[in-house]
Amino acid sequence: MPVLTFSKTLELAKKNRIAPVYLFIGEEKLCKEKAREIYTLLLDKGTTIETYNLNDKEDKKVFAKTKGYQEGLFGLRKFYLILGGENLEPSKEAEIVKSLEKENQVFTWFIIAEKFEENRLLYQFALQKGAILFFDFKKEEDFLETELIFRLKNANKTMDRATTELFLSLVGKDYQHFINELDKLLLYAKDKPMISEEDIWAVTIPLEEEMLFMVEDSFFKAGPEKAYRIVAQLLDHKEEPHKILGYLYKFFKLLHILQEFLEKHPELKKEERFSHFAKKWEETKNSPLEEIPKVLTERHPYRIFNLKKYLEKIKNLPQVFEELYRAEIALKKEFKNPYLVFKELFINLWQKTLVNKSLN
């Protein structure tokens, strides 16, 4: 097995064609998740596991003294999961390859490395007798989209582009959550060849932080109805109304802090191109004469740039906090239906506080 796609490698493993070494190269989190899908097949058959993280000095010392893979295991398979594979010492690597060349089928190696040179012994061995898998995606979103397409194809289902983007935005970047929600969605839509947005809204539980970010983004880009629909989805999944309202308070407080900061820096406030804004932002951050609130510096410049664009649509920020306070009273003291409270809140914010209601 040379350099293979993951789907082909997994297919072979399910047929009990297990490679002596699997070399996963790329982002560690993604590699670990994909390696798990293969070695779980081995664990189900009574295989034992040893894990070593070579990024950890103590773990690396222990591993340097380990020679268990050169001993007999009475026919029981054993596999080693090695993190930080790029830190393997050449002598240790030669020792492993020598053992593998004996064609001892009771040992399997899962080597996970951010990078691994082609001229290394293990790479060359895996190229001939093992499997090399690359997960070198620029963004985790790219990986998840590829994984989504692969799993939909295996299930004989499709999604259009808008539905795909909705699903990925709701489940966030957590791979296990992504898999759990996708499995649930596929089961729900088992008799439908094409999955719709309605199917996703019906069963998908979003990651809280992703969902709350979508509330603010949808409000300014799509209007109050879309923002309310997202909050209603949170309420459907038993999210606390006070927690949602608290997030909105924090978001608009952040806008208020940014507004005060931009008043002192009109050169940033008027900049419409992100590339120019980012350059000026970095210059301002690095100036010893400037004091930027931590709540702003700990965010990516592109996030600040988008917040600035939101601010441009607000004509009355104090009115925003009045509306939030009314909603808080309605929830805490008047015990009104949370769905009605948030629906009214978004309509009032839209009608009373925005100077530019354009969705462009």
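So, start with helix 12, residues 241-264, and helix 17: their axes come within 11 Å and cross at roughly 165 degrees. This is a predicted model, where local features need pLDDT of at least 70, side-chain atom pairs count only at pLDDT 80 or more, and totals for chains, interfaces and linings use all residues. Residues are numbered from 1 along each chain as its sequence is written, and side-chain values use heavy atoms, leaving out hydrogens and water.

Quick terms: helices are DSSP runs of H or I, at least four residues, numbered from the N terminus. Axes are lines fitted to C-alpha atoms over the stretch in contact, with angles from 0 to 180 degrees between N-to-C directions.

That angle is why helix 12 and helix 17 are roughly antiparallel, a label for angles over 145 degrees. Their crossing is left-handed, meaning the near helix is turned anticlockwise from the far one by less than a right angle; clockwise would be right-handed.

Who touches whom? On helix 12, the residues include L245, L248, Y249 and F252, and on helix 17 they include V320, F321, L324 and L331; contact means heavy atoms within 4.5 Å.

Now the other partner. Helix 17, residues 317-332, packs with helix 18, residues 338-353, at about 165 degrees, axes 10 Å apart. So this pair is roughly antiparallel as well, and here the crossing is right-handed. Helix 17 brings, among others, V320, L324 and L331, while helix 18 brings residues including V341, F342, L345 and L349.

Terms used. Helices (H or I, at least four residues) and strands (E, at least two) are DSSP runs, numbered from the N terminus. Angles under 35 degrees count as roughly parallel, over 145 as roughly antiparallel, 65 to 115 as roughly perpendicular and the rest as oblique.
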